[in-house]
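Morning, everyone. I have one structure to go through today, and I will keep to what can be read from the coordinates. Please have a look at it before I start.

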Amino acid sequence: MKRSTILQRLALLTAIPLAALLIFAAALISNSYGLYRNAGQTQELMRVSVAAGDLIHALQKERGTTAGYLQSGGQKMADSLPGLRAKTDEQLKAYKALVESLQRAATPEALDAFSRVDEKLAAIGALRTRAWALAVPVGESIAYYTSTIAALLEAMDGLARLNRDPSIAKQFLAYQAVIRGKENAGQERAMTTAAFAANKAEPAQYRAILQKRHKQEAYQEVFIGAADAAQKAALQKVLAGNAEQEVQRLRAVLDAGPQQGGFNVEPTDWFKAISGKIDELHAIELATATQINASASELLAGSRTLLLWQLALTL
């Protein structure tokens, strides 16, 4: 047998496993790069989510205060409304600055969701003008803020779906649960503020209030199922705290005779009590976001190290 033929056969026998090895290495490198890129993307998107969450928190307070102002015919909460609007504008400015960075990280679907948020937010000036002039029904005002917050929540859900890491996905579930639970608490705040301002609650209004309470309980269960021990302890502390006890006391006053009225409760007292609870839930929200960001940082560092080792071994 000719020497060249033997060499050709040896080269062929060597080339096949070598090619398979290169394909396998390329697949590993591609997967590691994907993990590395997704971890960095998660960090960037969390910054936007936190800004969106802070804007939601401000909108929730403005919604409740506006409801009390309108229901009382401008007699209550007029002194606090301008300051809350200014705080919302401050958070809106910070949110918009960060949303611009989404062009590099988000999918077209996520960008479309944030475009819908922008459309909602564009109407806030006109709504405020009408509300200050007592020219908008309280139900319409609550509905505007609630639909705007819902659009923000939908956009945040879209960002969470971009994550690929299972452990971070579980943390995202806890994050979304506390945000949505807090939003239902915010809706209860607005509706009950209006009821105390009117000194009665219509049947449909009272049923809606009860629904918001039930949803808060449901989201608490979701949070407990996804949260770690420290997060669960933080929630239990909120539920055992002074703000929650006062919320329960004032709920009982409303429940004793929603249609009969005669509550003798200042709307500002209710607003202060439940706002204390909501602020504590917001602290859990921020702590959960910080934890997600820390997990993404660890994943980013680990995937970067793995990627560099794989490149070095391949080359």
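Does Asn264 count as buried or exposed? At 76% relative accessibility, Asn264 counts as exposed. The residue sits in the loop between H10 and H11. Its backbone deserves a remark: Asn264 is not a glycine, yet its phi is positive, at about 55°. Most residues other than glycine have a negative phi.

Before going further, a word on confidence. This is a predicted model. The mean pLDDT of the protein is 86, and 80% of the residues score at least 70. Confidence is lowest in helix H3, residues 102–105, where the mean is 64. It is highest in helix H5, residues 124–132, at 97. Where pLDDT is low, the predicted coordinates should not be read in detail.

Now the overall picture. The protein has eleven helices and zero strands. Of its 315 residues, 46% count as buried. Among contacts with a separation of 6 or more, 81% are between residues 24 or more positions apart.

Back to backbone angles. Met77 also has a positive phi, near 70°, and is a residue other than glycine. Met77 lies in the loop between helix H1, residues 3–71, and helix H2, residues 81–99. With a relative accessible area of 6%, Met77 is buried, whereas Asn264 is exposed.

Next, the aromatic rings. How many aromatic pairs does the structure hold? It holds five. One of the pairs is Phe196 with Trp270, in an edge-to-face arrangement: 6.1 Å centre to centre, with 65° between the planes. It counts as edge-to-face because the angle of 65° is over the cut-off of 60 degrees. This pair links distant parts of the chain, with Phe196 in helix H7, residues 166–198, and Trp270 in helix H11, residues 267–314, 74 residues apart. Phe196 is buried, at 3% relative accessible area, and Trp270 is buried too, at 0%. Ring pairs join Phe196, Phe263 and Trp270 into a cluster.

Staying in helix H11, the place of Ile278 is there as well. What does Ile278 touch, leaving out residues up to four places away in sequence? The list is His57, Gln60, Lys182, Ala185, Gly186 and Arg189. Ile278 counts as buried, at 0% relative accessibility. Take Ala185 from that list: it is 93 residues from Ile278 in sequence, but their C-alpha atoms are 7.0 Å apart in space.

Last, helix H10, which covers residues 242–256. Its axis and that of helix H8, residues 203–226, come within 12 Å and cross at roughly 145°. The crossing is left-handed. On the H8 side the contact is made by Tyr206, Ile209, Leu210, Arg213 and Gln216, and on the H10 side by Arg251, Leu254 and Asp255.

Gln248 is also found in H10. At 35% relative accessibility, Gln248 counts as partly exposed.

How values were computed:
Residues are numbered from 1 along each chain as its sequence is written. This is a predicted model: local features need pLDDT of at least 70, side-chain atom pairs count only at pLDDT 80 or more; totals for chains, interfaces and linings use all residues. Side-chain values use heavy atoms; hydrogens and water are left out. pLDDT is the predictor's confidence in each residue, from 0 to 100. Helices (H or I, at least four residues) and strands (E, at least two) are DSSP runs, numbered from the N terminus. Rings of Phe, Tyr and Trp (its six-membered ring) pair if their centres lie within 6.5 Å; planes under 30 degrees apart count as stacked, over 60 as edge-to-face and the rest as tilted. Buried means under 20% relative accessible area, exposed over 50%, partly exposed in between (1.4 Å probe, protein chains only). Contact means heavy atoms within 4.5 Å. Axes are lines fitted to C-alpha atoms, for helices over the stretch in contact, and angles run from 0 to 180 degrees between N-to-C directions. A crossing is left-handed if the near helix is turned anticlockwise from the far one by less than a right angle, and right-handed if clockwise.
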